[in-house]
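Colleague: I have a model open on my screen and would like to learn how to read it. Could you take me through it feature by feature?

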Amino acid sequence: MVPFKLDYLDLLESESIHIMREVAGQFERPALLFSGGKDSITLVQLALKAFKPGKIPFPLVHIDTGHNFPEALAYRDRLVAETGAKLIVRYVEDTIKARGLKEPVGKFASRNALQAYTLLDTIEEFGFDACIGGARRDEEKARAKERIFSVRDEFGQWDPKKQRPELWNLYNGKIHKGENVRVFPISNWVEIDVWNYIKREGIDLPEIYFSHDREVLVHNEHLVAVSPFIRIDDGDVIVTKRVRYRTVGDMTCTAAVESTATTIDDIVAEINLTSISERGETRIDDQVSEAAMEDRKKNGYF
Amino acid sequence: MDLLRFITAGSVDDGKSTLIGRLLYDTGSIKVDQLQAIKKQSKNKGEGEIDLALFTDGLRAEREQGITIDVAYKYFSTGKRKFIIADAPGHIQYTRNMVTGASNSELIIILVDARNGVAEQTRRHTIIASLLKIPHVVVAVNKMDMVNYSETVFTGIVADYSLMARQLGLGEVTFIPLNSLDGDNIVTASAKMPWYTGVTLLDFLENVNVVEDINFTEPRFPVQYVIRPQSEDLHDYRGYAGKIISGTYKKGDRVVVLPDELYSEIDVIEINGEEVAEAFAPQSAVLRLKDDIDIARGDVIVTHDKQPVTTREFETTLCWMGSKPLAEGNKYLLQLHSRVVRCVIKEILYKLDVNTLEKQTNISSIGLNDIARVLVKTADPVVFDNYSELRVNGGAILIDETAYTTVAGCMLG
């Protein structure tokens, strides 16, 4: 007899809602880090569900590198208008100027690593004690070992050896002044779970997730959108391709994939068939070394 | 499609990482680029064609030392199920990691090296599995190739282990002979062991009944957060947000709010903002009650007829995870779901030898990775069930009062 059986997406959703509510219950000033990508969009939907009929009891924070896809920004503003969520935007550009940071140079110079500075300043400015993020453990090796409640010191550093054991579904969010906790409610979701959930729930996404024609630079089998933020050299191969984005980060470090998928069903079907991992196909910034992510996380990266 | 969380217990030497790599590889969960990265590393380390164990290597420190320090979570799915693997190290100095991984698991795979049989480590892993009350136990007898796929060796191990399992009061155990290096009996049945007519490991993982592990008879609802929109149209709305950890709740149920013993009746149940007549574990829900009573985070809403224990003094078995030892008279914070109370360790009753189950008394302090039985007194009442009867409401953690680190996992009652 199986009277009460839940689908795996219901189980994942319930776990994530439980985590969202733990954040609201345990912390005084939490925030949800919003990037405009599908994972943080999913987080917002989960937060809406967790606190219905009330509003989300914390602001969305966007750390704007200035290298966003315009479609992602438009989506962000639409989402905020529709949900009544509070939005805080802080700019990496401002941090660079104020702190005299050196911008990386090179062909696909990315502000990805500089984001950590703006994030830490923003945490300090608002006194955030918890930051909810959309990282998943299946994304990368260093993520596979991170806790759902990940304590960071006042420099935002992740120390894998000092992680708190996380037993049952008990989350210890006790911290000292100056420390903060990064919380990952969709830790146990993998890429296809997110897509299946978006499909099931009918969640609206930025247009760039669907197939469109775009001018791209072909670099080591990666298709990088032509934009003012990347350097075009003589001899670069620029072509127009029918593409979509599998992840949405900065224009400088996110690659497109060739695709004719125009609906969410098409995308789910493609992801089910793909032979390349999400980060491998779309992130230019993880290719540097085997421990690239581990290093960035130790420096306060999300 | 549903979900199964399991833990693998064993050491690198037992082929644990290879087994996990094999499960991921044979179910198509490893993508081409990840495979290439592993191939590259296999070459760098001077090993053969491809080292499946590298799929589970995480941090650089671990790669450099060739060990696993921490629990890593890995994912794969088949058409039937999504699987979450807690990959925990097996050595005695990492007992706390194994306890952590085991706490969330519904199934444990205990790896036994066919050459060594039931070893001290096997006994320790089994004791931890029985302490944590993991519902399903699979003994994977690995490296069958090293014993010429011998049925006699396998049945000998089954007999030895079954004897030990009976002594420990362990429930049903499933035995599967494997060779994870070549994939025998992992996803596909082995042609080299025709004498084995049982299921493959993946078959078992896909079909083991996990819904029956959920308790639908003892309703427990720890309140996490009170939703009070205080808007014009929802002026008097007051909803208690939480997760039903066990049992079911129906509109009209008579309920008690513990520890204060306030009585009321369920007026409305909402899931994702929509009213439902009934909700069940493990759904996240919002409960609204008929009476306007004072309920806050940390309270537990249960039904009249089946109540948990509400007490300030109790015994617990614990696994110590702190670097500073536990001593009688020490004070900690005890967290059980959303409730956090101060507590003092009144007495250390005994320390359990995890290799022999021997109880050592007259112990003055408990160190990292020790398992002990203690008497606890709390400043405020705790609402719990005996861990061995209702696992989801019997597991708690101890938190250091000033460092705020998690220092113990407790199986209450």
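Modeller: Gladly! Let's start with pLDDT, which is the predictor's confidence in each residue, from 0 to 100. You will need it here, as this is a predicted model.

Colleague: Where in chain A is confidence lowest, and where is it highest?

Modeller: In chain A, the lowest confidence is in helix α9 (residues 292-298), with a mean of 65. The highest is in strand β1 (residues 30-33) of chain A, at 98. Chain A as a whole averages a pLDDT of 90, and 93% of its residues score at least 70. Where pLDDT is low, the predicted coordinates should not be read in detail.

Colleague: Is R214(A) buried or exposed?

Modeller: Buried means under 20% relative accessible area, and exposed means over 50%. R214(A) has a relative accessible area of 12%, so this residue is buried. E71(A), at 24%, counts as partly exposed.

Colleague: Which residue meets E139(A) in a salt bridge?

Modeller: That is R143(A), at 3.7 Å from N to O. E139(A) is buried, with a relative accessible area of 15%, and R143(A) also counts as buried, at 5%.

Colleague: And what are the closest N and O atoms of R246(A) and E191(A) doing?

Modeller: They come to 2.7 Å of each other in a salt bridge. R246(A) lies in the loop between β9 (238-244) and β10 (255-258) of chain A, and E191(A) in helix α6 (residues 191-201) of chain A, so the pair ties together parts that are 55 residues apart in sequence. Both R246(A) and E191(A) are buried.

Colleague: Which residues are linked in a network of salt bridges?

Modeller: Look for D10(A), E13(A), K49(A), R200(A) and E201(A), which are linked in such a network.

Colleague: What about the backbone? How should I read the angles?

Modeller: Most residues other than glycine have a negative phi, and most peptide bonds are trans. With that in mind, look at the peptide bond from K52(A) to P53(A), which is cis, with omega near 0°. P53(A) sits in the loop between α2 (38-51) and β2 (60-64) of chain A. In chain B, a cis peptide bond joins A281(B) and P282(B), with omega about 0°. P282(B) is in the loop between β13 (278-280) and β14 of chain B.

Colleague: What is the phi of N220(A)?

Modeller: Phi of N220(A) is near 45°, a positive value in a residue other than glycine. N220(A) is found in the loop between β7 and β8 (222-225) of chain A, and is exposed, with a relative accessible area of 63%. For E261(B), phi is near 55°, again positive in a residue other than glycine. E261(B) lies in the loop between β10 (254-258) and β11 (262-271) of chain B and is partly exposed, at 45% relative accessible area.

Colleague: Staying with chain B, which residues form a negative surface patch?

Modeller: The patch consists of D236(B), D260(B), D291(B), D292(B) and D294(B). Patch residues need over 30% relative accessible area and no salt bridge. D291(B), one of the patch residues, is partly exposed at 38% and lies in the loop between β14 (284-289) and β15 (300-303) of chain B.

Conventions
Residues are numbered from 1 along each chain as its sequence is written. Chains are lettered from A and ligands numbered from 1 in the order in which they are written. This is a predicted model: local features need pLDDT of at least 70, side-chain atom pairs count only at pLDDT 80 or more; totals for chains, interfaces and linings use all residues. Side-chain values use heavy atoms; hydrogens and water are left out. Patches are made of residues with over 30% relative accessible area and no salt bridge: like charges are joined within 9 Å, nonpolar side chains (Val, Leu, Ile, Met, Phe, Trp, Tyr) within 5 Å. Accessible areas come from the Shrake-Rupley method with a 1.4 Å probe; for residues, only the protein chains shown count as cover. A salt bridge is a side-chain nitrogen of Lys or Arg within 4 Å of a carboxyl oxygen of Asp or Glu. Lys and Arg count as positive and Asp and Glu as negative; His and the chain ends are not counted. The place of a charge is taken as NZ of Lys, CZ of Arg, CG of Asp or CD of Glu. Helices (H or I, at least four residues) and strands (E, at least two) are DSSP runs, numbered from the N terminus. Buried means under 20% relative accessible area, exposed over 50%, partly exposed in between (1.4 Å probe, protein chains only).
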